[in-house]
Amino acid sequence: DEARAGGGSAFTFDEVEAGVDDKHHVAAGYDADVLLRWGDPLFADSPEFDPTKQSAQAQARQFGYNNDYVGYIPLEGSAEHGLLVVNHEYTNPHLMFPGIVTIVDGEAKQAPLSKEQVDVEMAAHGMTVVEIRKVDGKWQVVRDGKQNRRITSATEMVLTGPAAGHNRLKTNADPTGTKVLGTVNNCAGGMTPWGTVMSGEENFHGYFAGELPADHPEAASYKRYGIPDGAYEWANFYERFDVSKEPNEPNRFGWMVEIDPTDPNSVPKKRTALGRLKHEGAESAVAKDGRVVLYQGDDERFDYVYKFVTAGKFNAEDRAANMDLLDDGTLYVANFAEDGTLEWLPLVHGQGPLTAENGFASQADVLIGTRLAADRLGATKMDRPEDIQPNPTTGKVYVMLTNNTKRKADQIDAANPRAENAFGHIIEIAEDGGDFTATKGKWEILLKCGDPSVAEVGASFSTATTANGWFGMPDNCAVDAAGRLWVSTDGQGPKATDRTDGLWAVDTEGEARATSKLFFRVPIGAELCGPIFTTDDQTAFVAVQHPADGGEDWEPFGRPSYYEDLSTRWPDFKPDMPVRPSVVAITKQGGGKIAV
Ligand code: FEO
Ligand code: CA
Ligand code: CA
Ligand code: CA
């Protein structure tokens, strides 16, 4: 993992200059067109977006907030006509609702949300399915497309797999332990080989408030998952988010949700076999023997890398035969050994320490408390595992580790080699025999991120990487049809890096390995999510999340209120419009592949 001399990048586009301003920027010779904005109408009867007339009813018929994962499901195999499936991870009330932030003694204060505002938040969460079509080289939304759909925090879903129906999943509203209303904090995701979309419930702890009795049987588990957190105000109006009233409701979140975007009436399925964690996503590959492998990150400091291997095989001839593949298989957690080998440890009830004496009376207990089970197995505590992407072209797997400033010097290991890891790193896994189902493999660090010109940072980009080309905080990534890696980031900022987040093209093979180039960057305050390429590599869809948001890292810009002090008005740049998280379609001017 030493810095490599390297050749020049294999990517031929002219690099964007890194920096900070209120607009998005793409490499010369490309168009980056806003396709879908928060509030855009999806159906014939959807009202046009009016920030002063928000209602839950309107929001449930419009594109949701904070787009994260983006999936593209071709219709009849087309790379120019398909279904875009988008996660809406969370809401920023201070950027959504006019007038709720006031400055008191120089400090921004947010008023408590009304029930109507909470209902708008709940409707702005979840997912969107929307038909899109490329006409004369430009993507258009098909309003009222017959598969168009909003999924929200109120949409009925079912729990399936080994934990479904378990006592720990039963509530007053659902004595069966199988029916859940809604999904929350849908971060990254993945597409399955049979054309469904996986959506990860990530920071679900934030939606729960109230106090669990100290002697409650869930107390230890809830402590491990950080429940309740009380970041949202939903419990003020909905008892199911109050753990003192409905202590099992949090166990019904933290799952991977599978949706079939081709059928707007299909019931989304929370697949318990894939474990319960703060799911970033689940990107998949078909192994040589036909079984399907899904790689999953649990995004918290010192949490783990997982994979799930189906028991059954993918059937390319019969879509219906695959629809419940994800209910039966083996969940593994990764141990990254100091010698560069890797072992996948099975999370199976009755094996090793996963026994009734240790609190795991069944596979349901192992899955509901996946983190506690993985703790018992001694898995490697990582620096915030985000998107994990298998590359079917090379057989390698890329693990985005976004950062971990809390890792102390005496807590470093070979796979997490930096104390106070502010900029994150990327691990490359090679499974034994190039077999994604293997229980052993090798790993190495592809990149230690951060500014290579600052020696203390210890970054390992190739010397061919320019001052624009390095990045920190890798979060999402995509592999294009040609097998090349693209990384989007969460956490550049004036304080950390003097640049905004963006999309970088990263060489993984040959002389140019560990060379990175900046292709697209976002407006101030935003992070970049969801990169995905159409199968012809002629379009990249990216999701610009929370533009103008002022996190801790954004001083001197402060925490902006709705109409005052906004650092950008992207993408409308109108004084009566708030910022709007949006999906952007990137194409090459005159057509052709994004990168050759
Ligand atoms: Fe929602 Fe791990 O980023
Ligand atoms: Ca993410
Ligand atoms: Ca991805
Ligand atoms: Ca992130």
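In the predicted model, 24 residues of domain 1 are in contact with 17 residues of domain 2. On the domain 1 side of this contact, helices α3 (115-124) and α6 (370-377) each supply at least two residues. Helix α3 gives the most to this side, with three residues. By residue class, the side of domain 1 that touches domain 2 consists of 12 nonpolar, five polar and seven charged residues. Domain 1 is made up of two segments, 25-202 and 254-588, while domain 2 covers 203-253. The centres of the two domains, taken over C-alpha atoms, are separated by 23 Å.

An open sheet is formed by six strands, arranged in the order β11-β10-β15-β14-β13-β12. Pairing within this sheet is mixed. Strands of a sheet can pair in either a parallel or an antiparallel manner, through backbone hydrogen bonds. At the edges of the sheet are β11 (179-181) and β12 (186-191), each of which pairs on one side only. From one strand to the next, the twist averages 35°. Strand β14 (residues 256-259) and strand β15 (residues 269-271) run antiparallel and are joined by three bridges. In this pair, E258 is found opposite K269 of β15.

Strand β28 (residues 485-489) is largely enclosed by the rest of the structure, because five of its five residues are buried. Cover is present on both faces of the strand.

Strand β28 has antiparallel pairings with β27 and with β29. The pairing with β27 (residues 474-479) extends over five bridges, and here C477 has V487 of β28 as its bridge partner. Strands β27 and β28 form a hairpin with five residues between the strands. In this hairpin, G483 adopts a positive phi near 85°. The pairing of β28 with β29 (residues 502-506) comprises four bridges. In this second pairing, S488 lies opposite L503 of β29.

Technical notes
Residues numbered from 1 in each chain as written. Chains lettered and ligands numbered in written order. Predicted model: local features only at pLDDT ≥ 70, side-chain atom pairs only at ≥ 80, totals over all residues. Pairing = 2+ DSSP bridges. Axes fitted to C-alpha atoms, helices over the stretch in contact; angles between N-to-C directions. Domains from an automatic or database assignment. Contact = placed C-beta atoms within 7 Å. Nonpolar A, V, L, I, M, F, W, Y, C, P; charged D, E, K, R; others polar. Buried ≥ 20, exposed ≤ 12 C-beta atoms within 10 Å, placed from the backbone.
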